[in-house]
Amino acid sequence: MKTVLTIAGSDSSGGAGIQADIKTITAHGLYATSAITALTAQNTTGVYGIMEVTPEFLENQLDCIFKDIYPDAVKIGMVSSAALIEVIADKLKVYKARHIVVDPVMVSTSGSRLLAEDASETLIRNLIPLAQVITPNIPEAEALCGADIKSVGDMERAAVKIAGFTKGAVLIKGGHNLNDANDLLYEAGTLEWLNGDRIDNPNTHGTGCTLSSAIACGLAKGSTLPESVKAAKSYISGALRANLNLGHGSGPLNHMFDI
């Protein structure tokens, strides 16, 4: 059985973070391992508290995983401080991790900031260059490229600029009222628009976490990056169409819609 390691924060409501990742990996028929970067007190209405693990404890978790159940792919989500980012980058290099997907989680769906402002440079300098693909949404892409994204052309220019930070690819996710279901993949100098169906469902908590985990699953199975992204988009569409409705805010997806 192929395995995927998720390095991310815990979501107490189960819709995003580690919990969404494990559900997604399981739904794809793979085995999930995890290294938790932080505990969060959150639900569908917002994030109400964050308690980081220490760098030493994160290092301990990663050593335990890589030395015993070596992952076929690695997904990295919420990492809120520079010290934790440095630990992750160091361990990924030490263990020669492969098929790394970085979801540069900076702001939650509800608008809560999840990455310390002084950690952004560390993310760009230390972690993003190790990724096979990074998956920013529009606000995250704006933060990474330092420019507003208001049009399709802006998305394309941002993808090219962000690609300068990494040897891998960039997937800028649509949404935020710009190309809602259409994502832009920039890989090896080529821009490819990946169109999707616009699904009328306000419950989108954890879609970014879920998409990046699904991409990691495809890579772990041996699919190409474009194949993995297209399959992940199809999975997201199915999870949204299932119309799960939980909580008082932006609710979670039905990760197990096909089981």
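How far apart should the ends of α2 be at 1.5 Å a residue, and how far apart are its end C-alpha atoms? The 14 residues of α2 should span 20 Å, and the end C-alpha atoms are 20 Å apart, so the two values agree. The expected span is 1.5 Å times one less than the number of residues. Helices here are DSSP runs of H or I with at least four residues, and strands are runs of E with at least two, numbered from the N terminus.

The model is predicted: local features need pLDDT of at least 70, side-chain atom pairs count only at pLDDT 80 or more, and totals for chains, interfaces and linings use all residues. Residues are numbered from 1 along each chain as its sequence is written, and side-chain values use heavy atoms, with hydrogens and water left out.

Helix α2 covers residues 55–68. Its buried residues (under 20% relative accessible area, 1.4 Å probe, protein chains only) are L58, Q61, L62, D63, I65 and F66. These residues pack against β1 (3–11), β2 (31–43), β4 (73–76) and α3, where contact means heavy atoms within 4.5 Å.

The axes of α2 and α3 are 9 Å apart, at an angle of about 25 degrees. The two helices are therefore roughly parallel, a term for angles under 35 degrees. In their contact, P55, L58, E59, L62, D63 and F66 of α2 meet A83, L84, V87, I88, K91 and L92 of α3.

Helix α3 (residues 82–94) also packs with α4 (residues 120–127), at about 5 degrees and with axes 9 Å apart. This pair is therefore roughly parallel as well. A82, I85, E86, I88, A89 and L92 of α3 meet T122, L123, N126 and L127 of α4.

Technical notes. Axes are lines fitted to C-alpha atoms, for helices over the stretch in contact, and angles run from 0 to 180 degrees between N-to-C directions. Angles under 35 degrees count as roughly parallel, over 145 as roughly antiparallel, 65 to 115 as roughly perpendicular and the rest as oblique. Buried means under 20% relative accessible area, exposed over 50%, partly exposed in between (1.4 Å probe, protein chains only).
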